[in-house]
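Look at the structure below and follow it part by part.

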Amino acid sequence: MQNNNIILLSHGGGGLRSKELIRDVIVKYLGNPFLNGLDDGACLSIPEKNMVFTTDSFVVRPLFFPGGDIGKLAVCGTVNDLAMMGAAPRALSLGLILEEGLPLADLERVLLSMRKTLDAVGTCVVTGDTKVVEKGMGFGIFINTAGIGVRLPGADTRVANARAGDVVIVTGRIGDHGAAVISRREGISLASKLVSDAAPLWGLVAALLKERGAVHCLRDPTRGGLAGAVCDIAESSEVGIRLSEKALPVGKETAGICNLLGLDPLNMACEGCAVVVCAEKNAGNILNLLHNHPLGKNARVVGRVVARPARLVVLETGIGGERIIETPAGEELPRIC
């Protein structure tokens, strides 16, 4: 693409410059036999019938943060939504909304990051759309991704499946993504070593699902954090959940950010860990599987499922008290995913 190193309104006008942007930039990084034809849609042959379809939008600011960027986040978010349903990702769509004046180098950096993340899980973008909005009408790049996945035979990991006597496991440290984004945005130097946990979880989930029927629920604690995820499970399964504050895996950098800004790590978004609910008798085997995976080395039991009171989550505090945990009313941190 010639003449400019920034996105212009004409790149979204559907004419020659639009074609150049798609051909010379987007397909350059994300091209594959399905996408390269640039048809209005992709024809996929997926013989399995138990498919999962999901979509998500990403408006994170800043676009680049420690441990990731909006492109990696978009692929991870959709792949992980499929994984939480027990589905192997097969194909993604990509909707790009670009702001006039965006440096092309930034767009190429995002696309390259997406390509690397897609390759890591063995899937690809097969169709998409690009629009350009006027300068001042966005924050550089907004991304929508939708994904199609095929659910593994026998996998049923819905949040309505928790049972009294189950245990609650988290597969990694909580809150690192939210803390990493806010530290970059606010220029908080004490968190210089903190990075987002953004990662595609399908490989880890696939290992767990080899244990047929052992996993009852899966949930990725993104917006709303661990608090939002366990409240969803308690509500949908009509059970109670008791968490142990002493067991929560919170890194010291994330704890420092939360203390400094008055935030609760329970509400902070994670983009590379999952909540796993399973029968207590299977917890040891599940933890062994997790600890043998790079993304699960910090996995631990953080709570248990009880029959009563139903739909209530209680945190057993480190000083011996109890605190009711509720679904966060809103975003503590805007534009973190």
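Leu204, Ala207 and Leu208 in helix H5 meet Ile286, Leu289 and Leu290 in helix H8, where contact means heavy atoms within 4.5 Å. The residues of this contact of H5 with H8 divide into six nonpolar, no polar and no charged. Here Ala, Val, Leu, Ile, Met, Phe, Trp, Tyr, Cys and Pro count as nonpolar, Asp, Glu, Lys and Arg as charged, and the others, Gly among them, as polar.

The model is predicted: local features need pLDDT of at least 70, side-chain atom pairs count only at pLDDT 80 or more, and totals for chains, interfaces and linings use all residues. Residues are numbered from 1 along each chain as its sequence is written, and side-chain values use heavy atoms, with hydrogens and water left out.

H5 covers residues 202-209 and H8 covers residues 283-291; their axes come within 10 Å and cross at roughly 150 degrees. Axes are lines fitted to C-alpha atoms, for helices over the stretch in contact, and angles run from 0 to 180 degrees between N-to-C directions. Helices (H or I, at least four residues) and strands (E, at least two) are DSSP runs, numbered from the N terminus.

Next comes the sheet. Seven strands form an open sheet in the order S8-S10-S7-S11-S9-S12-S13, with mixed pairing; two strands pair if DSSP finds at least two bridges between them. S8 (215-219) and S13 are the edge strands, each pairing on one side only. From one strand to the next, the twist averages 25 degrees.

Leu315 has Arg323 in S13 as its bridge partner, while Val313 stands opposite Ile325. The hairpin of S12 and S13 has five residues between the strands, and Gly320 in this hairpin takes a positive phi near 95 degrees.

On a 1 Å grid over the protein atoms alone, a pocket is an open set of points where a 1.4 Å probe fits, with protein on both sides within 12 Å along at least five of seven lines; lining residues have an atom within 4 Å of a point. The lining has 25 residues, of which Ile22, Leu38, Gly128, Asp129 and Thr130 lie nearest the centre.
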